Amino acid sequence: MQWKTEDGGWSPYLAGALVGVLAIVSVYVTTLWMGKTNYLGASTTFVRAAGLLERTVAPDRVAANEYFTKEKVRVDWQFMVVAGIFLGALIGSATDKSFKLEHVPPTWEKRFGPSIAKRGAAAFLGGIVAMLGARMADGCPSGHDLSGMMQLSVSSFIALAMFFGVGVVVAGLIYRRRAS
C-alpha cells in the first residue's frame with residue numbers, strides 16, 4: 001500500500017485507518033477517564049461556543065436556557081477535538097506541501113468570480129444551513145459517520161445517506177456547467 005497519492009497528498013486509506021483508530025481510542029479513553037462513553041462529533045461544540053459567547057453578554061439568559069442546563073456550557077474534550085481538527089489539517093497540509101492561502105478557491109472563482117465578499121457570504125449562509133441540519137439530525141456528519149456507523153445506528157445510516165445525497169444535488173446545482 002502506498003502512503004502518499006501521486007500528487008504527494010496523504011493516502012485516503014491511511015487517513016481513513018487513522019480516523020478509525022482515533023474513534024476507537026476516543027471511546028476507550030473517555031469511558032475509562034469519564035466513566036461514560038463519548039463518541040466523536042463536533043456540532044455540540046459549536047452550540048456550546050455560542051453559549052459561552054452569549055454568557056459574556058447575557059449570563060441570566062444562558063442560565064435559564066433549558067438546553068444549556070442539560071448540556072453544560074464549558075470548554076471540554078470536544079473543544080479540543082475541534083481544535084485538533086484545525087491543527088491536524090494544518091499539519092497534514094504542511095507536511096504534504098499542499099498548504100496555501102487563498103481567499104477564493106479556484107473552483108468557486110471559475111463559477112462565481114473572484115469576489116471575496118460573495119464567497120464569504122455564501123460560506124456564512126452555508127454554515128448556518130449546515131449547523132441547522134446538524135442540530136435537526138441530532139448530530140453532525142462526523143458524529144453520524146464516525147460514531148453512529150461504529151454503533152451500526154440505523155438513523156446514522158439514513159442521516160449519512162441524506163448528507164451525501166443532498167450534498168451531491170446541491171453541488172450539481174451550484175457548480176453545473178453553463179451553456180456556452
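Mentor: Begin with Phe 68. Phe 68 is buried, with a relative accessible area of 10%. Buried means under 20%, exposed over 50%, and partly exposed in between (1.4 Å probe, protein chains only). This is a predicted model: local features need pLDDT of at least 70, side-chain atom pairs pLDDT 80 or more, while totals for chains, interfaces and linings use all residues. Residues are numbered from 1 along each chain as its sequence is written, and side-chain values use heavy atoms, leaving out hydrogens and water.

Trainee: How many aromatic pairs does a search of the whole structure find?

Mentor: A pair of aromatic rings is described by the distance of the centres and the angle of the planes. Rings of Phe, Tyr and Trp (its six-membered ring) pair if their centres lie within 6.5 Å; planes under 30 degrees apart are stacked, over 60 edge-to-face, the rest tilted. The search finds 2 pairs. The rings of Tyr 67 and Phe 68 have centres 5.6 Å apart and planes at 70°, so this pair is edge-to-face. Tyr 67 is partly exposed, at 26%.

Trainee: Why is the pair of Trp 108 and Phe 112 tilted?

Mentor: Their planes are at 35°, so the pair counts as tilted; the centres are 4.3 Å apart. Trp 108 is buried, at 7%. Phe 112 is partly exposed, at 24%.

Trainee: What sits over the ring of Trp 108?

Mentor: A charge sits over a ring if NZ of Lys or CZ of Arg is within 6 Å of the ring centre and within 35 degrees of the ring normal. Here the charged end of Arg 119 does, 5.1 Å from the centre.
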